[in-house]
Amino acid sequence: MSEVLEKIRTRRSIRQFTDEPVSEEQINTIIEAGLYAASGMGKQAPVILAITNKEIRDEVSALNAAVMGREGMDPFYGAPCVLVVLADKSVPTEVYDGSLTMGNMMLAAHDLGLGSCWIHRAKQVFESERGKEILKQAGVEGDYEGIGNLILGHIAEGTEPKAAARKDGRVFFLR
């Protein structure tokens, strides 16, 4: 089996992390994988906002929790880094392009031995006035839709889940 297929088969969503920060080199490698994701007509609509500043990370987490109606909860599970994927709303394939970006980055994180998990509600957070201010503060200009938050960190020992059995009846052929 190829290394790529092995990584696809063994990647899991991680929700327990150590306090150890993710290195800038690792973050840049993961971002690069996202930037090389396929995109409709090669438009490269997604942009990536890397959040490693703890205060901003905590604020975005709180905004995310508020969308869920669960104030006080950390939907980022203590992960020290969040990569927010946003995509240009004028591109018809924005959600698909952003999803491929997220997938590439999850696989890259796994390849580097890091844990990751896709956390939703980026759309609602970055449509809020405070979310828009955060984007402006980062230099993100334009009309973007939040696609997802990718939380990243070092996996807490003994917490990596096992794969569930694959469900039958999900593949069909026309021959």
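**View 1. The outward face of helix H6 in a predicted model.** On the face of H6 turned away from its buried side sit Glu129, Lys136 and Gln137, which are exposed, meaning over 50% relative accessible area, whereas buried means under 20% and partly exposed lies in between (1.4 Å probe, protein chains only). Helices here are DSSP runs of H or I with at least four residues, and strands are runs of E with at least two, numbered from the N terminus. This is a predicted model, in which local features need pLDDT of at least 70, side-chain atom pairs count only at pLDDT 80 or more, and totals for chains, interfaces and linings use all residues. Residues are numbered from 1 along each chain as its sequence is written, and side-chain values use heavy atoms, with hydrogens and water left out.

**View 2. The buried side of H6 and its cover.** Within H6, which runs over residues 129-138, the buried residues are Gly131, Ile134 and Leu135. Seen down the helix axis, these buried residues fall within an arc of 100°, so they line one face of H6; the arc is that of the directions from the axis to the C-beta atoms. Their cover includes strand S1 (46-51), helix H3 (54-68), strand S2 (81-88) and helix H5 (122-127), where contact means heavy atoms within 4.5 Å.

**View 3. The residue after H6.** Gly139 follows H6 and has a positive phi, near 95°.

View 4. The protein chain contains six helices and four strands, arranged along the sequence in the pattern α-α-β-α-β-α-β-α-α-β. Of its 175 residues, 38% count as buried.
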